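Here are my notes on the model, point by point. Please read them with the structure open.

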Amino acid sequence: MGAKVSSSRMSRRFSRSITIAPPVTTNGEPTPNPPESPRQPKKDIKLLLLGPSQCGKSTIAKQLKILYQGPIAHEDLLSYRSTIHTNIVLAIQTLIRAAQEFANDLPSKYTISPNLEQEANELLQQGIVREIPEVIIDSIKKIWADPAIQAAYENPNVPVLDCTKYILDDIDRLTGVASVPTQEDVLRLRLRTTGITETEFTLKERNFHLIDVGGTRCERKKWIHVFDNVSVLIFVVAVSEYNLTIYEDSTTNRLTETEDLYSEICNNEMFQNVPIVIFFNKADLFFEKIKKVPLSDFYPDYVGGDDPSFAIEYMKSRFRDLDHRKFSRAICMHYGNALDSEGIRSVFNATVDFTRRLKKN
């Protein structure tokens, strides 16, 4: 029988057999470990906000800025004081004009009280001012309380500013000499967007560039300058405005204009491979309005009555069918109200996750 090898000798022999010498260079020196490859920086995500005037794009942009950059600074809040005064004048003037127009057919409901008629007419002549004189504020408060003006406000066919009740009910606080607008005040104000506004922030280790552009017809010629390298297109629809006309043309329905605009954008060759998020804004107002103004009056093929689920799905289908690439397009739809901070946070997080899934596929 052969000699028996001890376990210790076998262990030493085995240990020697697997010893691996470090690589050496030609001069006998060990080769240094290669440097780790630097991690490639993640590509920034460019979000383009599009939609017609008054759809709520800028409110969404302000929400995201507050949510991910932090509250608006004190000095910036003060700069909105003049916008508040402008909105108050525009809001009451819209209601006075509407009441006077409707009074021709329904004088008992829409005739402004005789003792306020002169003040109402003077208010119609009021120009835009940075600060409303106290005597005019008193007139606005009296006219806002008039039954004819309240009836005009309740009429769903009057194109009131969304913030009308908010600012006129709280006019004393908002116009006080030492008043400072709040974050909510700023979100609710109507401030026309002109030009191109960019907001940058970081979320989930990704850098986002949010582009907001003016939505009026005259502003849309500038849109072409921001069409390059878009990661996600966010199109905003003011779904509650199906019974109103646009400001530029009193014969064109607002939602018809929105559909035409979306069709033009989504079928543009520059967006043929760009995923789209559609946000149906002012859905809460939409659900209330269809109880008073039948959707079928404007869309004869609609048969869902005032059922909110049926109504919003009908609107989704209309916009989905406008896209010639609807069977291949990555598209996501949400509805809500741009003033709902947590709702916007939820929608945006869903948009980020939507983008991530697309990158993996």
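1. Start with one residue. Leu203 sits in strand 2, which spans residues 196-203. The model is a predicted one, so what follows is computed from predicted coordinates. Is Leu203 buried or exposed? Its relative accessible area is 14%, and the cut-off for buried is under 20%, so Leu203 counts as buried.

2. Which residues does Leu203 touch, once neighbours within four places in sequence are set aside? The partners are Tyr68, Phe208, Phe348, Asn349 and Val352. Take Asn349. In sequence, 146 residues separate Leu203 from Asn349. In space, their C-alpha atoms are 9.0 Å apart.

3. Now the whole chain. The protein has 361 residues, and 47% of them are buried. The fold contains 15 helices and six strands. Among contacts with a separation of 6 or more, 75% join residues 24 or more positions apart.

4. Look next at a helix pair. Helix 4 covers residues 81-102 and helix 8 covers residues 147-154. Their axes come within 9 Å and cross at roughly 95 degrees. An angle of 65 to 115 degrees counts as roughly perpendicular, so helix 4 and helix 8 are roughly perpendicular to each other.

5. Which residues make that contact? Helix 4 brings Ile92, Leu95, Ile96, Ala98 and Ala99. Helix 8 brings Ala148, Ile149, Ala152 and Tyr153. By class, the contact of helix 4 with helix 8 has nine nonpolar residues, no polar ones and no charged ones.

6. On to empty space. Rolling a probe the size of a water molecule over the atoms shows where such space is left. The largest pocket has a volume of about 1000 Å³. It is lined by 45 residues, and Val160, Leu161, Asp162, Lys282 and Leu285 are the closest to its centre.

7. What supplies the lining of the largest pocket? Helix 2 (57-69), helix 8, helix 9 (164-169), helix 11 (183-188) and helix 13 (283-289) each give at least two residues. The lining of this pocket divides into 16 nonpolar, 13 polar and 16 charged residues.

8. How many cavities of 30 Å³ or more are there? The count is two. The largest cavity has a volume of about 130 Å³. Its lining has 14 residues, and Pro52, Ser53, Ile246, Glu248 and Arg254 lie nearest the centre. Helix 12, residues 254-266, gives the most to this lining, with four residues. By class, the lining of the largest cavity has six nonpolar, three polar and five charged residues.

9. The second largest cavity has a volume of about 90 Å³. Its lining consists of Ile60, Leu64, Ile234, Val277, Phe279, Ile344, Val347, Phe348 and Thr351. Helix 2, strand 5 (276-281) and helix 15 (341-360) each give two or more of these residues. Helix 15 gives the most, with four residues. The lining of the second largest cavity has eight nonpolar residues, one polar and no charged.

10. One link is worth checking on screen. Phe348 is in contact with Leu203. Phe348 also lines the second largest cavity.

Definitions and conventions: Residues are numbered from 1 along each chain as its sequence is written. This is a predicted model: local features need pLDDT of at least 70, side-chain atom pairs count only at pLDDT 80 or more; totals for chains, interfaces and linings use all residues. Side-chain values use heavy atoms; hydrogens and water are left out. Axes are lines fitted to C-alpha atoms, for helices over the stretch in contact, and angles run from 0 to 180 degrees between N-to-C directions. Angles under 35 degrees count as roughly parallel, over 145 as roughly antiparallel, 65 to 115 as roughly perpendicular and the rest as oblique. Contact means heavy atoms within 4.5 Å. Ala, Val, Leu, Ile, Met, Phe, Trp, Tyr, Cys and Pro count as nonpolar, Asp, Glu, Lys and Arg as charged, and the others, Gly among them, as polar. On a 1 Å grid over the protein atoms alone, a cavity is a set of points where a 1.4 Å probe fits but cannot get out, and a pocket is an open set with protein on both sides within 12 Å along at least five of seven lines; lining residues have an atom within 4 Å of a point. Grid points are joined across faces, edges and corners, and a volume is the space filled by probe spheres set on the points. Buried means under 20% relative accessible area, exposed over 50%, partly exposed in between (1.4 Å probe, protein chains only).
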